[in-house]
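Here is a short note for a colleague who is new to this structure. Please keep the model open while reading the points.

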Amino acid sequence: MNVEVTRRDFLKGLGALVALSAFSDLSEIARASEQSKPFKEGDVKYYKSTCKMCVNFCGIKVKVQNGVIRAIYPDENRAPYFNWGNCCKGISGIWNTYNPYRLKKPLKRTNPKKGPNEDPRWVEISWEEAFNIVAERLKKIRQEDPRKLVWHHGHGKYLIDDRWMKAFTAAFGTPNMIHRTTVCEAAKHVADEITWGGHEPLPDLEYCNYLINMGGNYFEAEQWARWLDHATIEAKERGMKLVVVEPRLSNLAAKADEWVPIKPGKDVLFLLAMANVLIEKGYVDREFLINYTNAPFLVGEDGKFLRDENGNELVWDTATNSAKPFADGVKPALEGRYQIDGKTYRTAFQVLVDYVKDITPESVAEECGVPAEQIRKIAVEFGENARIGSTIVIEGKELRYRPVCIHTFRGITAKEYGVQNNRARLIVMMLVGAIDAVGGYLLHHPGKASYMEPSKCEYPPSRVDLKKSVFLPHATHDVSQQAMLTLLDPDKYGLEYKPEMQMFFATNRPFSTSDTEKQFEALSKTFNVAIEILMTETAWYADVVFPDKTYLEAFGFKGGRWTPHSRHVTLHYPIVNTYNIPYQNLEIMFELAKRAGFYEDFIEKINEKFKFKNPKFEKGREYDARSAFDILWRNAAGESLEEGMKKGFSGKLVGVEERYLEGAEAKFKGPGKPKMHLYCEELIHTKDKVLELAKQHDNIRQVFVEWYEDVDVERIVEINLSPIPKKEHAYPTPHRKAESYPLYLITFKRIYRTQSGFCNVNPILNQVSHDSAENEVWINKSTAMSLKIRDGDKVVVESRIGKLEGIARLTEGIRPDTIGIAYHYGHWSPGYPEWARKGSWPNKILEYHPDMVGGMNSFNDTKVKVYKA
């Protein structure tokens, strides 16, 4: 979509904006625009850059006239690598830069009381004073106990790359640097990591013939959306079948060949029933399971692998009828039971076969809300289209060909059992051999051993977010929603210190997670610093606020989204500086490190985190953003920053070797190599450690009882840390406990607001459609009729922890037992204009029951009741 800003609209956004305060209302803008001089054509220049309005990093071409941005277009040179066009949000990035509500000068709080209804009594201060206030705090904390600093970032990672922040916090000495992954897609990552040792895989859409999508709505908002959208349409045009399994008729489901409106949380049952049918019908890639996975490994009655004296896992060798390590000449049995030294062992594959034997489509149909014949039909179509045993020749290479895939993002991920949901999805693809095959599920840097090992189950926890601790043992990604809850009561979790200061860079974290009242309560207990472009809800609780530059005013870098056929890195750089802000985010970090006395350590850690070689940062030298990103770009792209600024990216198209032969083929295939985990035995060992520590420390047990509302801690831990997905994973805590709340609540993202803050203060986006300025409560027409609710009625949505009011939208595009509410609405910060504070805030009624395996926030498990307001 290409949109030129008209003179009238442009003046509304620009007229005398520099003179207006951050809290001006639109009437002031209108009056100023009437007094503005006529716009002169002048010189026109175009700049190739990268959009940062979300996390797709699309290529853009920015039109500048008389030093003012007039339009944002797609960069045609980026099309072979990623995006063919730009979305409505991408082209509206102009407004984020010329927004009159932006923060323009540092602010200091003068009211020590903090709360949503407390006036901070802001005063503008100089940059010098702001730096000194914050640096003195940092210096004091670093001397006393650096762990008492907690650093948060969200979109900040994608603006400049989080290795800068890793270096800053490492140099300071705090372990507490926290990104947002567990409010995004962490459970998906962790499932991939414990299964094949990496994350960020993609469907091979160029060759895929049958794609099942389970709750990933990339026709609106998702990582890789601007590649997945056009790649899916291309695939459908050549005949690929698209099946979408989700409770709501999303934009993607509307384009599907088949929409399967499954009951929320029951995805694991659907997938286990698919596994049952695939095994029953013989749609099993035996050679793949034997040569690439641990399916042949022998499992004892304790759930652990049989090993030799050297620790090697054993298989049953059909050539010698004995247990041996999988080495050259050994012919592993895929199924069977074997007596060894008086004990019974089964292959890992047999354990799965035995478990899913009775999980037929008929046995789960009612719970899934999907007819048994439909589940069976989809499973058979998936098995047939997998073309097990077939190969394809590409660029002279004969390759495994399994053109089927199951994709997801947050739909089956943002749940109490998100890791196990995703494990079920991976197991179904492993059964037919679709992992890293042409047309299947392409891996990304697989085989990292540390991901596939038992957790150390750290206790007491070193980090305030409990990452990798006994509470969340395989949480390899920062547990963003937990930090505030730990801060409220450190002793509950065994934390040996109490955080005193928090810094927030480009994140509105407490607003965007669950159980938000507690999140903001924690903010009132610390000294807070925000680096932001607007007065967000989090910034409202700050003691000092630094104004930041936008991506059209600052330098930034991020490795671009890889695709099956390409790799690229992206760059953005200053095109304008609307409000003459002197520092960008990284320069604020440089200045604070200097004044707090750890600049030289920061420089050293930068080289370490980025692995800079030539050139690298030098001690004793001062850097600004330009010189810093010049070093980064030279290392990443092999050219100067000036050259990079001409293109906005550096990339390459990959051949068949890198695309198909450097992943599973190189890492896992054959005897003597590590294997993908059909069966996650590491979770058994983790379970043992967790239970041992829980016996020693009663507070661990109490936390689990509180999280999962069950006093049988042994049962809780066994269910969560199961080596294979189980039926129990279809019943998260609210589904078991909220008996008087009949409706499932699901949340979803819309393209107008997702993944980047400040879109609520973007009138371009708020006028895209009749309903883009605020969200609504999606409710099925039949359900609404039974509740005497009409379209447009004001309704109350009530969960066990709170209530909200919203506007009912009656639709047949959602299940009768489910309601849906979009995120990113219901803002309340007084720093926003009234027209940007519309809609309902679903986060405040979402219950918190984290995924024990990976720490994922349970966004899609809450149950509610709905009634007229």
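How many nonpolar, polar and charged residues does the lining of the second largest cavity have? Point 2 takes this up.

1. Ground rules. This is a predicted model, in which local features need pLDDT of at least 70, side-chain atom pairs count only at pLDDT 80 or more, and totals for chains, interfaces and linings use all residues. Residues are numbered from 1 along each chain as its sequence is written, and side-chain values use heavy atoms, with hydrogens and water left out.

2. The second largest cavity. A cavity is a set of points on a 1 Å grid over the protein atoms alone where a 1.4 Å probe fits but cannot get out; lining residues have an atom within 4 Å of a point. Six cavities reach 30 Å³ or more. By class, ten are nonpolar, eight polar and six charged. Here Ala, Val, Leu, Ile, Met, Phe, Trp, Tyr, Cys and Pro are nonpolar, Asp, Glu, Lys and Arg are charged, and the others, Gly among them, are polar. Strand β27 (residues 743-748) gives the most to this lining, with three residues. Strands (E, at least two residues) and helices (H or I, at least four) are DSSP runs, numbered from the N terminus.

3. T862. This residue sits in the loop between β31 (818-822) and β32 (863-868). Its C-alpha is 9.8 Å from that of T747, 115 residues away along the chain. T862 has a relative accessible area of 1%, so it is buried (under 20%; exposed is over 50%, partly exposed in between; 1.4 Å probe, protein chains only). Its contacts (heavy atoms within 4.5 Å), not counting residues up to four places away in sequence, are P734, L743, Y744, L745, S799, I845, L846 and E847. A polar atom of the T862 side chain lies 3.0 Å from the backbone nitrogen of E847.

4. H729. Look in the loop between α28 (713-720) and α29 (733-737). H729 is buried, at 2% relative accessible area. Its side chain has a polar atom 2.6 Å from the backbone oxygen of I719. The H729 side chain also reaches the backbone nitrogen of K726, at 2.8 Å. Leaving aside neighbours within four places in sequence, H729 is in contact with residues including G265, Y417, Q420 and N421.

5. Helix α20. This helix covers residues 585-596. Its twelve residues reach 17 Å from first C-alpha to last, close to the 16 Å expected at 1.5 Å a residue (1.5 Å times one less than the number of residues). Ten of the twelve are buried, among them L586, I588, M589 and F590. Just after α20, G597 takes a positive phi of about 90°.

6. Backbone points to check. Most residues other than glycine have a negative phi, and most peptide bonds are trans. Y459 and P460 are joined by a cis bond, with omega about 0°. The bond from N614 to P615 is also cis, with omega near -5°. F57 is not a glycine, yet its phi is positive, about 60°. K468 has a phi near 60°. F57 is buried at 1% relative accessibility, whereas K468 is partly exposed at 42%.

How values were computed: 1 Å grid on protein atoms, 1.4 Å probe; cavity = no way out; pocket = protein on both sides within 12 Å on 5 of 7 lines; lining within 4 Å. Points joined across faces, edges and corners; volume = space filled by probe spheres on them. Polar contact = N/O pair within 3.5 Å; in protein donor to acceptor, adjacent residues only side chain to side chain.
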